[in-house]
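Let's go through this one together, question by question. Have a look at the model first.

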Amino acid sequence: MKSVSNMQCPLLILVVVIGFQLLTGCIGTDVVDDLANGSFTVAIQPPARTSLLVGETVMLTAERRTMSGEVISTESFLWISSNPEVADVNAAGMVQAVATGQTQITVASGDAVSEPVLMTVVEDENQIARISLSADRMSLAIGDKLQIMASATNVAGEDLMVEEYIWESSDEAIATVTASGLVTAVGRGSAEIVASAGGVESEPLRVMVGTTARSGTFMGSGNYSAQGTATLEMDNAGDVVLVTSEDFEADLALGTFIYLSNSTAGTETSNNGIEIADISDNPKGAKTFNISDINEEVELTTYRYVVILCKPARITFGFADLNE
Amino acid sequence: MIPMKAARTFLVIYLVATFWVSAFAGGGWTQSKRSGYFKLGQNFIIANRYYQPNGEIAEITTISFFTTSAYLEYGFSDRLTGVLYFPFFVRSTLNQVEYTSGRTPIPGDAVNSLGDTNIGLKYGILPDGPVVVAVGLTLGVPLGATAGGETRILQTGDGEFNQLITLEASRSFGSAYATALLGFNNRTQDFSDEFRYGLEIGYTWNGKLLTQLRLSGVESLMNGEAEGGGGNSIFANNTEYLAITPEIAYNIRDNMGVSVNAGFAAFGRKILASPNFGMGLFYTF
């Protein structure tokens with residue numbers, strides 16, 4: 001039997017270990033079960049029509065999105081009508097107008113439920129089919145006054161004259177509203193203002209009182225460094241925006257992103273937070289990010305932390321606690 | 001093209017294995033003239049946990065290092081031994097992250113390169129007697145990649161020129177032995193200098209089976225820039241650890257044997273928090 005010489009043996013071993021490297025050194029995969037964690041939202045796409053004549057139908061579609069706004073599915077939803085006697089909705093999202101009135105259509109997936117879409121059913125074109133509200137800002141300081149304007153249209157979208165609207169506030173400890181639509185901010189929080197006429201209600205207009213901004217000071221995580229402040233605020237258009245201060249600065253690697261999250265842990269932030277922007281190339285100074293453009297469901301109080309995250313490795317470099 | 005200024009890089013954790021391969025082999029004993037020791041080694045670490053700079057462990061995307069290396073000691077004289085550690089193939093990977101929801105995965109990454117190489121001399125200042133003592137000078141040649149992969153955050157070297165001075169003392173107790181090591185590593189490129197220490201005990205069974213246990217530690221003097229390397233290595237500077245590494249070596253012939261080991265960082269900062277496994281084939285001449 002031929003034996004392997006002392007010098008041949010290391011060469012054989014070398015072949016074995018390099019083969020081992022090639023076999024085991026492939027890029028692996030970490031699988032995150034984000035569906036089980038419910039880290040997604042569902043939303044109904046803006047419908048072609050929100051008012052129907054009795055007997056008409058309209059097709060609604062929905063999207064399942066990550067918290068960062070990425071569409072991950074458009075199928076398999078549970079459609080719900082709050083008042084099927086006015087309009088019913090089938091499993092495919094087809095709304096069937098049944099009788100005069102209003103109903104809210106929502107869509108659900110797992111624990112996630114969409115914001116409702118208000119559907120109005122009318123008998124003819126003389127009836128009010130939609131009431132729209134507008135204001136020049138949504139955020140108020142305590143004591144501020146805000147005039148809200150209302151307008152009405154029929155099922156064809158034509159303007160209708162309405163002599164008098166009925167105004168209501170969802171919480172008069174926060175905001176009161178007069179018969180002319182003048183809102184007065186009286187307490188900290190948010191309240192929904194609704195106008196109605198002819199048995200038809202508007203979509204609610206949410207006003208924020210005294211909580212128009214939340215700020216936090218950046219601090220390093222695990223001895224990484226971060227400094228400056230982050231402010232989450234509502235702009236005049238009602239959008240939620242994130243602003244960093246001039247002295248903002250953080251440790252970073254390539255792939256460093258700024259997130260909104262309810263945790264400072266890297267994996268939790270990556271899986272369930274909102275990815276705002278890559279700041280690797282421009283990590284310092286004042287920046288403004290429109291959060292509503294990424295996910296319109298985000299409110300000032302939705303997230304607690306602004307997190308600086310190395311996204312590829314999912315390591316947190318720093319964070320600002322907006323509750324401080 | 002990613003601008004070099006923005007190319008911050010990632011983790012030189014596999015140094016846990018590589019430094020101690022070269023630092024402890026032989027201990028205070030030097031090779032006899034024209035004799036030597038050669039070892040072909042393979043180390044790997046796969047980790048999804050990471051010691052943060054404050055010592056707390058955080059979950060991270062899985063990262064791995066696979067290092068194939070050659071280690072050589074050669075006696076230029078009975079007192080002077082040359083030492084070479086050459087990691088000639090280092091592969092580092094960063095896992096892709098996939099989501100059950102179907103959202104866009106975070107791509108993985110990989111780099112293949114040489115690793116940082118150690119060239120050194122060891123001199124026996126007390127070569128005889130119950131306790132043998134040797135001093136060593138090891139130069140760390142930065143042959144590894146400092147900004148590897150598509151993301152340029154993978155790293156198989158730190159890009160700086162180590163100058164490590166060591167003092168090792170060893171003593172035999174029949175079939176057993178013990179070695180202690182102290183070292184100072186002067187680092188360049190704004191990296192912090194390091195104090196290194198270690199203790200190794202071993203016992204030989206029937207002249208063929210050697211069991212060893214090593215404690216090896218690194219303490220950063222924290223006297224460099226936080227990011228090191230001109231702001232190029234946020235994860236690679238100020239690394240600290242205390243590693244415990246049991247090893248078994250078996251002589252399959254008089255001059256040849258195999259070894260396996262597993263190193264665990266009992267404490268660490270900026271280092272992967274998972275075991276580092278190694279195996280090797282050694283040959284004496």
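Q: Among contacts in chain B between residues at least 6 apart in sequence, what percentage join residues at least 24 apart?
A: Keep in mind that this is a predicted model, where local features need pLDDT of at least 70, side-chain atom pairs count only at pLDDT 80 or more, and totals for chains, interfaces and linings use all residues. Residues are numbered from 1 along each chain as its sequence is written, with chains lettered from A and ligands numbered from 1 in the order in which they are written. Two residues are in contact if their C-beta atoms, placed from the backbone, lie within 7 Å. Take the chain B contacts at least 6 apart in sequence, and the share joining residues at least 24 apart is 62%.

Q: Which strands stand at the edges of the open sheet of eight strands in chain A?
A: Strands are DSSP runs of E, at least two residues, and helices are runs of H or I, at least four, both numbered from the N terminus; two strands pair if DSSP finds at least two bridges between them. The order here is β30-β29-β32-β33-β24-β26-β27-β31 of chain A, with antiparallel pairing. Each edge strand has a single partner, so one side of each is left without a neighbour in the sheet: these are β30 (274-278) and β31 (287-290) of chain A.

Q: Which residue in β27(A) stands opposite A:Ala230?
A: Strands β26 (residues 229-234) and β27 (residues 240-244) of chain A pair in the antiparallel sense over five bridges. Opposite A:Ala230 you'll find A:Thr244.

Q: Is A:Leu322 buried or exposed?
A: A:Leu322 sits in the segment after β33 (315-321) of chain A. A residue is buried if 20 or more other C-beta atoms lie within 10 Å of its own, exposed if 12 or fewer, and partly exposed in between, with C-beta atoms placed from the backbone. A:Leu322 has 20 other C-beta atoms within 10 Å, so it is buried.

Q: Which residue in β4(B) stands opposite A:Val31?
A: Strand β1 (residues 29-32) of chain A runs parallel to β4(B), joined by four bridges. The one opposite A:Val31 is B:Glu98.

Q: What value is phi of B:Asp190 near?
A: Most residues other than glycine have a negative phi. B:Asp190, in the loop between β9 and β10 of chain B, has a positive one, near 70°.
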